[in-house]
Amino acid sequence: MKIVYDYTFALPRNVVWKYIKDENVLRSSLPGCKSFIETSKDVYQAQLAVNMGPIQDLFSLEIRLNEMKSSSLIQLQAKGTGNIGEIVGIADLFIKDLQGTTKLNCQAEAQVTGALALAGQRVLEGGANKGLESFFQIVEKEIKRKLYMHRRGR
């Protein structure tokens, strides 16, 4: 399954770059996140409750962040298992300036197995796009909240 998704942050690229890799921002932004723990540098273990139409499960994930090109490309690798299947995915996040805002292009590929795969590509792609939209909207809100708290000296 291939997914391409674009999002525009109303924030400068250097700010997005700094915070999109922040453990607390990631934890707060993952829909259905029950736990998120850094096990080694840029490697996290997470528990996510997944709700996509008829698909409901608790997934255990390992997420790896690889900074490929400073300030412009991050690669995410994820492996997860749940009762209804497994997912292995890789996503390249291309980040660039866009007249004072930041354009993010996500190009992802995932393989799913088990009952999860039987749900059908259409349901999975729709759920993935909705999940990405929610994720990046929350990331933007979390970044703005952190900036506000930083300005207030907290």
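**Entry 1: Asn129**

I looked up Asn129 and found it in helix α4. I am working from a predicted model here. Is Asn129 buried, exposed or partly exposed? I noted partly exposed, because its relative accessibility is 30%. Next I listed its contacts, leaving out residues up to four places away in sequence. Asn129 touches Ile3, Val4 and Tyr5. I also checked its distance to Ala110. The two C-alpha atoms are 13 Å apart in space, and the residues are 19 apart in sequence.

**Entry 2: Glu140**

I stayed on helix α4, where Glu140 also has its place. Is Glu140 buried or exposed? I read a relative accessible area of 8%, so Glu140 is buried. I then asked which residues Glu140 touches, not counting those up to four places away in sequence. The list is Tyr7, Thr8, Phe9, Ala10 and Leu11.

**Entry 3: aromatic rings**

I counted the aromatic pairs and got six. I took Tyr5 and Phe136 for a detailed look. A pair of rings is described by the distance of the centres and the angle of the planes. For Tyr5 and Phe136 I noted 6.2 Å centre to centre and 10 degrees between the planes. That pair counts as stacked, because planes under 30 degrees apart are put in that class.

Which parts of the chain does this pair tie together? Tyr5 lies in strand β1, residues 2-9, and Phe136 lies in helix α4. The pair therefore ties together parts that are 131 residues apart in sequence.

I checked the accessibility of both partners. Tyr5 is buried, with a relative accessible area of 14%. Phe136 is buried too, at 1%. I also asked which residues the ring pairs link into a cluster. I wrote down Tyr5, Tyr7, Phe9, Phe135 and Phe136. Two of these names were already in my notes on Glu140, which touches Tyr7 and Phe9.

**Entry 4: cysteines**

How many disulfides does the model have? I counted zero. Cys33 is in no disulfide, and the nearest cysteine sulfur, that of Cys106, is 18 Å away. The cut-off for a disulfide is 2.5 Å between the sulfur atoms.

I then followed Cys106 itself. I found Cys106 in strand β7. It is buried, with a relative accessible area of 2%. Leaving out residues up to four places away in sequence, Cys106 touches Ile3, Val4, Tyr5, Ala91, Asp92, Leu93 and Leu132. Ile3, Val4 and Tyr5 are also the contacts I had listed for Asn129. As a further distance, I took Cys106 to Ser35.

**Entry 5: largest pocket**

I looked up the largest pocket and noted a volume of about 1,200 Å³. How many residues line this pocket? I got 43, with Leu30, Leu48, Leu61, Ile87 and Leu132 nearest its centre. Leu132 is also one of the residues that Cys106 touches.

Which elements give two or more residues to the lining? They are β3 (43-52), β4 (55-69), β5 (73-82), β6 (85-98), β7 (101-112) and α4 (121-151). The largest share comes from α4, with nine residues. By class I recorded 34 nonpolar, seven polar and two charged residues in the lining.

**Entry 6: positive phi**

Last, I went through backbone angles. Most residues other than glycine have a negative phi. I noted two residues that are not glycine and have a positive phi, Asp42 and Gln99.

For Asp42 the phi is about 65 degrees. Where is Asp42? I found it in the loop between β2 (33-40) and β3. Asp42 is partly exposed, with a relative accessible area of 26%.

For Gln99 the phi is about 50 degrees. Gln99 has its place in the loop between β6 and β7. Is Gln99 buried or exposed? Its relative accessible area is 80%, so I noted Gln99 as exposed.

Notes
Residues numbered from 1 in each chain as written. Predicted model: local features only at pLDDT ≥ 70, side-chain atom pairs only at ≥ 80, totals over all residues. Heavy atoms only, no water. Buried < 20%, exposed > 50% of the residue type's maximum accessible area, 1.4 Å probe, protein only. 1 Å grid on protein atoms, 1.4 Å probe; cavity = no way out; pocket = protein on both sides within 12 Å on 5 of 7 lines; lining within 4 Å. Points joined across faces, edges and corners; volume = space filled by probe spheres on them. Helix = DSSP H or I, 4+ residues; strand = E, 2+ residues; numbered from the N terminus. Nonpolar A, V, L, I, M, F, W, Y, C, P; charged D, E, K, R; others polar. Contact = heavy atoms within 4.5 Å. Phe/Tyr/Trp six-rings, centres within 6.5 Å; stacked < 30°, edge-to-face > 60°.
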